[in-house]
Amino acid sequence: MFFKQLNAVWNKELRDALRDKRAMKVAFLPPIYMVVFFALGIGLAIHFQNNEEQDTQLHVAGQDAALTAWLTEKNIHLKPSPDDPYAAVEQGEVDYVLVLEREEATPGSKEPRSATLVYNASNQRVHGPVGQVRQLLYQYSSMEAGINILARGLSPKLINPIRVREANVASEQQMGGLILGGVPLLLLMCAMMGSVGFSADMTAGERERQSLEPLLINPVPSLTLMLGKWLAAVALTLAVVLLCLLLMSIALYFLPFDKMGLRVSVSAGAMLGIFVSLIPIAAIAASLQLLLGIFSRSFKDAQTYMSILIVLPMVPFFLVITNPGIYQPWHLWVPMLGHQTVLRELLLGQGVTPIAFVAFILSALPVTLLGLWLAAKQMRRAKVIYG
């Protein structure tokens, strides 16, 4: 009897939701917008980075014929500097300037010459080209020092007693994580907000249309009614998540990550793991939305209250971003906190222990059940039914 009643409520709510074009637009359009904006942002970043690498312009103040000739050979386009380079950079007329000390008057003098890079570090655009110019200056300084040592009959190795080398063992797939840092938040937001319109209509919408009282007249327990609404909300949320994952897969496949020296390849197994990880989030979101909706006086009020839930996935996201090494095993048992790490590892093609999925499900159960119980308890109150 219980399952028959539950199935009847679930089918009724699902049919009503599919007929509501407004709620369908509210649910299925945001994932499209988010993935499109994500793809455009990544595409523009790749485009601008390639243009900067191909055409680095440098304003130069002062004279050093050998250095400027060497920079020109390295595809650095030199331009004359403004009269006051420091003021020009500070006022934003130019992004950065290389100030060179005038060449020595005495030929053959080997006194050190200064080269000052003037830039505004708060300008995010300058870090790439300034780093490139800085590296070239180090190379030129080392080369000239080696020539001077060699002219005195000594080995150039004497000026570098320690040869520092770097070995990056990260794969191209793992390096792709640098550019996919925001994808877990996008996926969590889809799971958290996918059923906002549907949940608001199932609770505050029925209350506003005065159809809640006829529904409660039926000999069906409040908890069964709320479970049926919750199942419909979860099913619709998972449909939104599937759409988001499908669009994200298409975007990651066509974006030219290879131009940045990165490889991003998310397998079907990883996508399945991501989908399973987001099911507990959809369950929590639906129960909290129904709870907020049952206390709302109107559909608009319900949507306003439910929009607060978008903060929940953002808090752990910024916590993880600002503290990259903060991860602890117990984070898996905190909803949405452990998801940040697990979703990122799945996107990078790394293995995830099965205990993570068990932790997600078990940690979501208390929150989901508590939300449903409170919502069902409030459903038959006169204040809720009649406002």
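## Helices across the sheet

The model described here is predicted.

## Model confidence

The chain has a mean pLDDT of 81, and 88% of its residues reach 70 or more. Confidence is highest in helix α11 (residues 268-294), with a mean of 91, and lowest in helix α6 (residues 172-175), where the mean is 60.

Strands of a sheet pair through backbone hydrogen bonds, in either a parallel or an antiparallel sense. In this sheet, β1 and β2 run parallel and are joined by five bridges, with Q57 standing opposite H77 in β2. The pairing of β1 with β3 is also in the parallel sense, over three bridges, and here V60 stands opposite L98 in β3. Strands β3 and β4 run antiparallel and are joined by five bridges. In that pairing, L98 stands opposite L117 in β4.

How many of the five residues of β3 are buried? Five of the five are, so the strand is largely enclosed by the rest of the structure. In a regular strand the side chains alternate between the two faces of the sheet. In β3, Y96, L98 and L100 point one way and V97 and V99 the other way; all of them are buried.

Residue H59 belongs to strand β1 (residues 56-61). H59 has a relative accessible area of 18%, which is under the 20% limit, and therefore counts as buried. Leaving aside residues up to four places away in sequence, H59 touches K79, P80, S81, V94, Y96, V97 and L98. Of these contacts, Y96, V97 and L98 are among the buried residues of β3.

## Nonpolar cores

The largest nonpolar core has 74 residues, and those touching the most other members are F38, L180, M226, W230, I274 and L278. Helix α10 (residues 222-254) gives the most to this core, contributing 16 residues. A second, separate core contains 16 residues, including L67, L71, L117 and V133. Among these, L117 is the β4 residue that stands opposite L98.

## Aromatic pairs

A search of the whole structure finds three aromatic pairs. In one of them, the ring centres of Y253 and F254 are 5.0 Å apart and the planes are at 90°, so the arrangement is edge-to-face. Y253 and F254 are both exposed.

Another pair consists of F317 and F318, whose ring centres are 5.3 Å apart; their planes are at 70°, so this pair is edge-to-face. F317 is buried, at 11% relative accessibility, whereas F318 is partly exposed, with a relative accessible area of 44%.

## Loop residues

Residue F257 is located in the loop between α10 and α11. With a relative accessibility of 2%, F257 counts as buried. The C-alpha atoms of F257 and I42 are separated by 8.9 Å, while the two residues are 215 residues apart along the chain.

Positive phi values occur at N75, at about 65°, and at M336, at about 75°. N75 lies in the loop between α3 and β2, and M336 in the loop between α13 (311-322) and α14 (337-347). Is each of these residues buried or exposed? N75 is exposed, with a relative accessible area of 55%, whereas M336 is buried, at 7% relative accessibility.

Note on methods. Residues numbered from 1 in each chain as written. Predicted model: local features only at pLDDT ≥ 70, side-chain atom pairs only at ≥ 80, totals over all residues. Heavy atoms only, no water. Helix = DSSP H or I, 4+ residues; strand = E, 2+ residues; numbered from the N terminus. Buried < 20%, exposed > 50% of the residue type's maximum accessible area, 1.4 Å probe, protein only. Contact = heavy atoms within 4.5 Å. pLDDT = per-residue confidence, 0-100. Phe/Tyr/Trp six-rings, centres within 6.5 Å; stacked < 30°, edge-to-face > 60°. Pairing = 2+ DSSP bridges. Core = buried A, V, L, I, M, F, W, Y, C linked by side-chain atoms within 4.5 Å.
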